[in-house]
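Let's take a walk through this structure together. Keep the viewer open and follow along.

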Amino acid sequence: MIKLRTENLTRRFLGLVAVNKVSFSMDEGEILGIIGPNGAGKTTFINLISGIIMPTEGLIEYKGNDITYVPAHERARMGIARTYQLIHPMENLTLIENVMVGSIFAKGNGLKEARRKAEALCHELGLRGLDRDTSRLTILEIKKMEIARALANEPEVLFLDEVMAGLNADETKDLIATVQRIAMERHLAVGVVEHVMGVIRELTHRVIVLEAGELIAEGKYEEVSKNPRVIEAYLGGGAA
Amino acid sequence: MNRNVSRIFAAFFGVLAITLPLFAGDYPLQVARNIMLYMALAITWDMLLRSGQISFGIAGLFGLGAYAAILGVIRAGMPAWLSILFAAVFSGVAAFLIGLLILRLRAMYFSIVTLALGEIFRIIVHNLHDFTGGPEGVVIQQGVIFGGNANKLYWLALVGLAVALAASTWFEKSKIHFALTAIRDNEISAKSSGIDIFRWLLLAFVVTSAIQGFLGGIFVQSYGFATPDTVFSADFTLLPLAMALLGGVYSTTGPVFGALLLGLVSEWLKLKIPYGHLVVYGIIIIIVILFMPQGLKQLVRRDAGKTEGRNA
């Protein structure tokens, strides 16, 4: 079942076309990789889908409803959640309070209920010391907190923007397993932006490739990685 | 541990506040009223600050409430108590309408616009001569509230403070705390967690402005007159701000202790160095900001140096 799709989604910043006529869809239970060289428009694409910025043209449909111009906080309530490439913990809230926020505002839970749910989520992700300030967390803990915070929205669609960046091999392995388990148990559609191709290969069922804002390839990682256009995009046309 | 200390302090000052009229004369009561007024204003300023918005508009909404109350009595024949409630509603509604326009602004743009608000209100009141009495202001000729009884005026001021304290505690203990803190820390993350930023800012702005109007109403009823230059005085913006900064922001306790300390010190300085007390006052504030950016709360809460003080 299609959870989310876009049609000719476009965003221009003055002269620059950051995302150019991208049409794609995501199914329930699917883990989709979104790859492409730096500046390809991956983060802008996620920003458009989560409503942080609005498109110049095109359509976004979530569970059959047009949400193209729905504000970000309403999309969060509808079940679209995400993490950020540049981590933004709320530094004046503790670890557990950071996770509670989504439960309170996206799901409308009371404080007690939100705390209970946040505790369960943190436990599930292996987070401890829940009353710590975020300034005392390790990178892995912050990344997990970001995921927990997104999951507190009880989403149906989840985007992870470079959650593995900055982690060592063991931590990456740990987090890949965690994401897979979470996605499976919750039947989530997950969109993963990642630069480490090993992660994309292990984690995703399908991959889309963006280059200069355009979708240039789509398919299983093994196929896409052999696509000459993709190889050229990564190595650079001039060099090849 | 710290929680117990603040509870003991709170209980002590609570008892003191209630028993003060039993043994204090008119002068100390007058000083106490003044401190309570500024304390309440400092609390409301801090409440909005918790969302990251720095308002310089306290005097504007305070003065607006003051004029709403006194004109309510003089032009509409309202009883005094009703005029004070009317002041709260008037400032609240004004804040709602203004908030719709200005709460999309951030940082210094928001601050500057709120600073201008006070001036705009003052100039309007100045120029609507026939209705507001213009620069000479207006006086309640007869039927001053409580007949000017110092004890009763003290209770009235205490009610104003209690309202501010209750609202601030509500902000701290409810989900408003999460909304405002999330907005202050990171608006983008806040949106992604389903927070309707504009709505929460509007709520905070309207509630704090309504209380400021309420306090303006109490102020004007206590003195029985209003002129544009007294009720829109910059003191009503700057002193509460200084008190909150001194005590430590983002909590109820900070502004309370800041106001207590600065209020008493400035009263004492007024006697020691008439007209020079504001200089000393300014120096205290500069020293505090330079060396104790978290305010006096920093002394109480050791680990507050790391992150900005959550409520101790």
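**A tour of two chains**

Chain B exposes about 14000 Å², and carbon and sulfur atoms supply 71% of that area. Please keep in mind as we go that this is a predicted model. For chain A, the accessible surface comes to about 10200 Å², with 51% belonging to carbon and sulfur atoms.

Let's stay with chain B for its overall build. Its secondary structure consists of 15 helices and two strands. The radius of gyration is 19 Å, close to the 20 Å that the globule rule gives for 312 residues, so chain B is as compact as a globular protein of that length. Along the principal axes, its C-alpha atoms fill a box of roughly 55 × 45 × 35 Å. Of the 312 residues, 56% count as buried. If you look at contacts between residues at least 6 apart in sequence, 76% of those in chain B join residues at least 24 apart.

Now turn to chain A, where you will find nine helices and ten strands. A compact globule of 240 residues would have a radius of gyration near 18 Å, and the 18 Å of chain A agrees with this. The C-alpha atoms of chain A fill a box of roughly 55 × 40 × 35 Å along the principal axes, and 55% of its 240 residues count as buried. Among its contacts between residues at least 6 apart in sequence, 65% join residues at least 24 apart.

In chain B, the mean positions of the 21 positive and 14 negative charges are 10 Å apart. In chain A, there are 29 positive and 33 negative charges, and their mean positions are 2 Å apart.

What lies inside? In soluble globular proteins, nonpolar side chains tend to be buried together. Here the largest nonpolar core has 132 residues, and those with the most contacts inside it are A:Ile147, B:Tyr67 and B:Ile195. Helix 2 of chain B, residues 26-49, gives the largest share of this core, with 16 residues. A second, separate core of 25 residues includes A:Ile49, A:Ile53, A:Tyr62 and A:Phe159. To see the surroundings of B:Tyr67, set aside its neighbours within four places in sequence; its contacts then include B:Val125, B:Val138, B:Pro228 and B:Phe232.

A:Ile49 also leads us to helix 1 of chain A, where it is one of the buried residues. Eight of the nine residues of this helix (residues 42-50) are buried, so helix 1 is largely enclosed by the rest of the structure. A:Asn47 has 15% relative accessibility and so counts as buried. Not counting residues up to four places away in sequence, A:Asn47 touches A:Ile52, A:Ile53 and A:Arg82. Just after the helix, A:Gly51 takes a positive phi of about 85°.

Let's finish with two backbone details. Most residues other than glycine have a negative phi. A:Lys21, however, has a positive phi near 50°; this residue lies in strand 2 (residues 16-27) of chain A and is exposed, with a relative accessible area of 53%. B:Tyr250 also has a positive phi, of about 70°, although it is not a glycine. You will find B:Tyr250 in the loop between helix 12 (235-247) and helix 13 (253-272) of chain B, where it counts as buried at 17% relative accessibility.

Technical notes. Residues are numbered from 1 along each chain as its sequence is written. Chains are lettered from A and ligands numbered from 1 in the order in which they are written. This is a predicted model: local features need pLDDT of at least 70, side-chain atom pairs count only at pLDDT 80 or more; totals for chains, interfaces and linings use all residues. Side-chain values use heavy atoms; hydrogens and water are left out. Helices (H or I, at least four residues) and strands (E, at least two) are DSSP runs, numbered from the N terminus. The radius of gyration is taken over C-alpha atoms; the globule rule is 2.2 Å times the number of residues to the power 0.38. Buried means under 20% relative accessible area, exposed over 50%, partly exposed in between (1.4 Å probe, protein chains only). Contact means heavy atoms within 4.5 Å. Accessible areas come from the Shrake-Rupley method with a 1.4 Å probe; for residues, only the protein chains shown count as cover. Lys and Arg count as positive and Asp and Glu as negative; His and the chain ends are not counted. The place of a charge is taken as NZ of Lys, CZ of Arg, CG of Asp or CD of Glu. A nonpolar core is a set of buried Ala, Val, Leu, Ile, Met, Phe, Trp, Tyr and Cys residues joined through side-chain atoms within 4.5 Å.
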